[in-house]
Amino acid sequence: MEKNERALQQGDGSSENLVIRDQSARSIETELSLRLERVASAIHSLDEAQHVTQDNLQLEVSV
Amino acid sequence: MATAAFRVLPFTHAVLCDAIANEYISTEILATADKIKYLSDYLLAVNAKSMIIELDYVDGDYLDDFSNYYVKCFKSYQRKCKRLHFFSMDLTAEHVSALVAEPARGEDIEKLQSAYLGFLVARPLPNAVIGRTVLKTYPSDSGRRNYPCTKPYKANLFGIELSVNSLVFQEQDNVLAACATVALWCSFHKTADIFGTAVPSPAQITSFANQVVNHARPIPSHGLNIQQICNAIRSVGLDAEVIVVNNGVPVPSLAYAHLKCGLPVILIATVEGIGLHAITLTGYSINPAAVTACEVDPKSHCIPMAGLRINEFYGHDDQIGPFCRVIVKPSTASGSKTYPVVFESSWKDQKTGKPLTLFPEMIVVPVYHKIRVTFVDVQKWLTKLDALLSVFLKGVAALEWDVHLTTVNEYKKHLRASTTSHASRNDLLLTSLPKYMWHATLRAGSADLFECMVDATDMTESAPFQFILWHNEALKQNFHQALIEPTLKAVLDATLTPRFAEILRKQTA
């Protein structure tokens, strides 16, 4: 994996020691493959949050 | 000293109780009531020193409740209230009489205005004596405390016009308005300010809520279910955005995303051992750095968002008081359910005095019908995008997505005020944009890296990214190289979706 670390000048002119990593296609593929499952899981969780059931609608807010 | 129309008194807890007391509820009982204690503490914290009591005050909201219920009781309830005005300066009856009598006292009126802390309507009832209440918020504490859901309220005191920025509050009465009704009523005051929609009285809200779904008699009101809350929101011409809280929903960031543009958020939470309760969130405390590592169940994945910097919200809780602290606590399991975060406020166990936990169950936000793409929709797209961006930002500390709803006018105001020299600035100012947009910015510490605007009026399936601004050229180049790399097409399509990958390719070209 090729890794170049560079200190960059920010768009707003302020200097930050921010490191942007150049990555080879191979390492990007590996990294993304590793992330795929947790991205899918997070999105599934968010899909469920948007699914309002009849049971949800009947919840009584009465305190 | 007193006149027939008003009294002027120094502010103390005992004096407040005495001023609120009526023929049905004594000063002694009020002195031990948690709600009155909360109000006293709040007013002392904002430096209340004196109060003027309007002794014969006609309150429109109470009058509506009165005509709907109390006038039809056998007992003769009074139709007029008292209104208590609070000031952070010492006042005497002579001083107030002089202000009323002499028209040209500009400097004194200015002093009175700058010391004005708001008002409380004391209703002549056996319970729920705290009627319409409008109180000044706590100071911002160097920008930490934010109250975007406030608006200017005017109070005319014997011809002297006073104003205060706040959001109206009242206690629930369990006759015409239970907690959900009051939470809606508070919210509608602010949505009227934003969208120009109606502000029905609590009695009207309860009536609207029961027009479609009516399981039991609507009045006396013992509560509303979620369907009825949605009906009430629809009755004022808005749509109800309902989010079911599960372990992967970042509740603090979700609330922040709406609150920042002034939209009140109704938190439906189970109060430990008691039941479901509604609180209108009106503000938040945001810190310079993250105060927690996680705003969801640690077993779930969530992109780092501004909610990590929020340690508490400020909510109108009709069982506690206005702008009460709703403190964010870490993810907790209860029974079979794991909550992303839980909350603590002034709810306490009556026997032990131990704070009770509030478990968030649902979030309801009254929104304009053209705001169709939701925070959760945007979060899903950003989760995909973040998967690729974070490859190039591995090891960068303090990464944060700031996501919030905005309007084209607010965004252009923000652009004009910004010192950025971004080449697109002037083009954007001159470009026609959607009325409602989600503004998402990826930051590393104080440095903006990436910014995008999502058209909230479009449809989420179309990946409605209106435009993207890159604030870091190296990040943009790395990102673009990855997007056009043929060997990555399959994994990029799987991560981003083919359509989104294509949009990003064009936006980074």
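**Entry 1. Chain A**

I read chain A along its sequence and noted the pattern β-β-α-α-β. Its secondary structure comes to two helices and three strands; here helices (H or I, at least four residues) and strands (E, at least two) are DSSP runs, numbered from the N terminus. The model is predicted: local features need pLDDT of at least 70, side-chain atom pairs count only at pLDDT 80 or more, and totals for chains, interfaces and linings use all residues. Residues are numbered from 1 along each chain as its sequence is written, while chains are lettered from A and ligands numbered from 1 in the order in which they are written.

I then looked up burial in chain A. Of its 63 residues, 24% are buried. A residue is buried if 20 or more other C-beta atoms lie within 10 Å of its own, exposed if 12 or fewer, and partly exposed in between, with C-beta atoms placed from the backbone.

**Entry 2. Where chain A meets chain B**

I looked up the contact between the chains, which takes 41 residues from chain A and 58 residues from chain B. Two residues are in contact if their C-beta atoms, placed from the backbone, lie within 7 Å. On the side of chain A that touches chain B, two or more residues each come from strand E2 (15-19), helix H1 (25-50), helix H2 (54-57) and strand E3 (60-61). H1(A) gives the most, with 18 residues.

By class, this side of chain A has 18 nonpolar, 12 polar and 11 charged residues. Ala, Val, Leu, Ile, Met, Phe, Trp, Tyr, Cys and Pro count as nonpolar, Asp, Glu, Lys and Arg as charged, and the others, Gly among them, as polar.

I also found strand pairing across the two chains. E3(A) and strand E9 (residues 224-225) of chain B run antiparallel and are joined by two bridges; two strands pair if DSSP finds at least two bridges between them. A:Val61 has B:Leu224 in E9(B) as its bridge partner.

**Entry 3. Two helices of chain B**

I examined helix H1 (residues 13-20) and helix H3 (residues 34-45) of chain B, which pack at an angle of about 125 degrees with their axes 10 Å apart. That angle makes H1(B) oblique to H3(B). Angles under 35 degrees count as roughly parallel, over 145 as roughly antiparallel, 65 to 115 as roughly perpendicular and the rest as oblique. Axes are lines fitted to C-alpha atoms, for helices over the stretch in contact, and angles run from 0 to 180 degrees between N-to-C directions.

I noted the residues at the contact: B:His13, B:Leu16, B:Cys17 and B:Ile20 in H1(B) meet B:Ile36, B:Leu39 and B:Ser40 in H3(B). This contact has five nonpolar, two polar and no charged residues.

**Entry 4. Strands around E18(B)**

B:Glu344 has B:Thr357 in E18(B) as its bridge partner, and B:Phe343 stands opposite B:Leu358. The hairpin of E17(B) and E18(B) has six residues between the strands, and B:Gly353 there takes a positive phi near 80 degrees.

Strand E10 (residues 239-244) of chain B also runs antiparallel to E18(B), with six bridges; B:Asp239 stands opposite B:Val367. Strand E11 (residues 265-271) of chain B pairs with E18(B) over six bridges, again in the antiparallel sense. There B:Ile268 has B:Met362 as its bridge partner.

I then turned to E17(B) (residues 342-348), which pairs antiparallel with strand E14 (residues 321-329) of chain B over three bridges.

I looked up an open sheet of four strands in chain B, ordered E19-E20-E21-E22 with antiparallel pairing. Its edge strands are E19 (399-407) and E22 (465-470), each pairing on one side only. The twist averages 15 degrees from one strand to the next.

E21(B) (residues 447-455) and E22(B) pair antiparallel over five bridges, and B:Val454 has B:Phe465 in E22(B) as its bridge partner.

I checked B:Asp448, which lies in strand E21 of chain B. B:Asp448 is buried because 21 other C-beta atoms lie within 10 Å. B:Asp448 and B:Trp470 are 22 residues apart in sequence, and their C-alpha atoms are 8.6 Å apart in space.
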